[in-house]
Amino acid sequence: MPSTAQNPVKSVGTTFEILNALKELGGARVTDLARHLDLPKSTVHNYLSTLEQEEYIVKDDNVYRVGLRFLELGAYSRHERKLFQIAKPEVDRLADETGELANILVEEHGRGSYLYRAYGEQAVRVKAHVGTRVSLHTTALGKAILAYLPEERVDEIVDRHGLGGSTEQSIESRAELEETLDAIRERGVAFDDEERLNGLRCVAAPVLDNSDRIIGAISVAGPTNRFRGDRFREELPQKVLEVANVIELNFTYS
């Protein structure tokens, strides 16, 4: 987990508060943004003008929005990850063979970030995209990662981000989480049974390097009416494990 900055630069913090607010609001005028952040209108205007000058936000009819220059930075960061380059074709194949939604997730700062998503013919279109960050304990992908992190790191993540979630099935206690992680280590796969989104199930497997260090996870997800019985508990777990194994071999020896 990142350490707290000893001498944080307040203006940098304010900049990201403004950018995050623009994202949350889907764009905003100066007055609305100032009210939302409880900052002077003149201060917000100065930050927005500077961000627009540097081409990180755009202005349209006095509404400011996050600009596409962040996409350039995100695409660069993703391409620099060996896991993305190695796993992408295998996850594409997983989506094609299952007809469902296949994913790659990595952990940063105690959150899960979708590195890549591939859509099969029947794939559901859920409200998440590449770059979306999620609580690790609410997804099969995130739980697969947590199961192979050191215990002290898991404690740090839980202490910082907490438990619980958006559905009644979300893990609520540290004891329940530990029991779940033990089961994942025993069987090698993780399940999400409507723990992040009602009506959605997911099967995930961890991806480890040759030192057994967790580097990410892959999954296949779909609606509960198709993810049930042997397909959910046997067929898809075996498929996901096979793909994860191929990714691990290619990651190690390529």
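Arg-226 is partly exposed, at 24% relative accessibility (buried means under 20% relative accessible area, exposed over 50%, partly exposed in between, with a 1.4 Å probe and protein chains only). Arg-226 forms a salt bridge with Glu-100, the closest N and O atoms being 2.8 Å apart (a salt bridge is a side-chain nitrogen of Lys or Arg within 4 Å of a carboxyl oxygen of Asp or Glu). Arg-226 lies in the loop between strand S8 (214-223) and helix H9 (229-253) and Glu-100 in the loop between H5 and S3, so the pair ties together parts that are 126 residues apart in sequence (helices, H or I of at least four residues, and strands, E of at least two, are DSSP runs numbered from the N terminus). Glu-100 itself is buried, at 0% relative accessibility.

The structure is a predicted model, in which local features need pLDDT of at least 70 and side-chain atom pairs count only at pLDDT 80 or more, while totals for chains, interfaces and linings use all residues. Residues are numbered from 1 along each chain as its sequence is written, and side-chain values use heavy atoms, with hydrogens and water left out.

In total, the structure holds 16 salt bridges. One of them joins Arg-81 to Glu-108, with the closest N and O atoms 2.9 Å apart. Arg-81 is partly exposed at 27% relative accessibility, as is Glu-108 at 37%.

Within helix H8 (residues 174-187), Asp-182 and Arg-185 are 3 residues apart, about one turn of the helix, and their side chains meet in a salt bridge (2.5 Å, N to O). Both residues belong to a network of salt bridges that also links Asp-155, Arg-174 and Glu-178.
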